[in-house]
Amino acid sequence: LLNGTEIGSVPILYAEDVLKAGYGDYLKKIFGFFLFSQIPDIFSIIGYIIICGMAVVMFLYNNRKKNNMNTDNKIKKKSKKSSLEKILPTVLYMGFCGLAGAFGGMAMVKVLPKDAPNWQEFLGILLVMIAFVVILVIQIFIHEVGHMVCGLMSGYEFISIRFFGFMIMKENGKLVRKKHSIAGTGGQCIMIPPRTDGTSPTQLFNWGGCIANVIVSVIAITFAVFFWDKALLSMFLLMFSTIGIYFAIINGIPLKSLGNDGYNAVTLKNRPDARIAFERSQMILKEMVMGIRLKCMPAEYFDYEIGKYDLDDNIITSMAGMTINYHIDCGNYEKVYELTKYLYDNAELSDIQKFIVIAELVTSILITGREKSDVDKLFTKENKKLMKIHQAQPSTHRVWYVYELLYNGNKEKAEKHRKDF
């Protein structure tokens, strides 16, 4: 969120300078070339280069960081398509944040006098940045509600909906509030499919969030045009619709690297095994939020075996991760080692999946009495950073407890991690 507001503030400042200097309607600066056959001036071109350049720099930095983290991981080389999947989210993020910031700058210019003191300009920028964050939160809310509504329309049973750390769930037939968060996610809607044999409808539920963002954004644009003479309101609505459309695009374009709604919808449409895995994962999540331990759930929920399914799909890989957690709860660490080692060596994992696999692989190595040198290879500086990012997760406390107890022999530190767990 903070990165988004910083990006958005660049066009805010640029819009204010351009309009106060008398360059004309800022809307033409953005759309002039396409709508009005107007050639952008040198300052506009420089601005476009800066925005696109920042996107490229951010991509190269993140790509280098990820490559360093994968030094010891024997995964296949990325194709050109996967490279495009990496850079596309960054480019879209920069572009839409910049456009939203530009609308905020237009509002400032229309409201503030030309000779406004610096403190008023600073306050205006701060208010636009706050509005930007508020809009992000609202759009996440709309996205998850869209999943919920479309899920209900498809015959799904509501279990819970989460926005950051705030969760509403159904418990004993009543709605209750709870606190729960997952690193790297802003929201989550858990619903139970009507069937568990791979025949449940999946399309409307998965596309529901994007549909909701588009509908609300179109309504916002309509009202913005209607209230065009109300500078603050119209520009806020344009910011709102811009971010909403961004949410719809970034979640709707099928991107395997993100495992987003579009990718899940396409995968579930074409792969029966993925549909079964999806249905079972939702059943597992339902019982988990109800406080039921994995080892107490039906064993058929966790039937992942090496070689039984392809590892080229995020949904299948997630199912493998749940199977690992099931064997952990059952105390079968030989099976945990077998599965985590296979995934680490062969699967292309997202950051959170990689974190879970590394943590449980280290834990299983130590508990089963294997060589400590294997742990040293896994406990790289970058992998430790990954664990720090997900320090609130149970896997983190478990691996540090086992590490301090069996690797370092430090019972005092181990006990501290046990209490945190």
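User: Tyrosine 403: buried or exposed?
Analyst: Buried, because its relative accessibility is 11%. Buried means under 20% relative accessible area, exposed over 50%, partly exposed in between, with a 1.4 Å probe and protein chains only. This is a predicted model: local features need pLDDT of at least 70, side-chain atom pairs count only at pLDDT 80 or more, and totals for chains, interfaces and linings use all residues. Residues are numbered from 1 along each chain as its sequence is written, and side-chain values use heavy atoms, with hydrogens and water left out.

User: How many aromatic pairs are there?
Analyst: The structure has 10. Rings of Phe, Tyr and Trp (its six-membered ring) pair if their centres lie within 6.5 Å; planes under 30 degrees apart are stacked, over 60 edge-to-face, the rest tilted. Phenylalanine 223 and phenylalanine 227 are stacked, at 6.2 Å centre to centre and 5° between planes.

User: And what about tyrosine 403 with tyrosine 407?
Analyst: Also a stacked pair: 4.7 Å between centres, 10° between planes. They are four residues apart in helix 15 (residues 394–407), so about one helical turn separates them. Helices are DSSP runs (H or I, at least four residues) and strands are too (E, at least two), numbered from the N terminus.

User: Which charge lies over the face of tyrosine 407?
Analyst: Lysine 372, at 5.2 Å from the ring centre. The criterion is NZ of Lys or CZ of Arg within 6 Å of the ring centre and within 35 degrees of the ring normal.

User: New topic. Where does threonine 202 lie?
Analyst: In the loop between strand 4 (187–192) and helix 6 (203–226).
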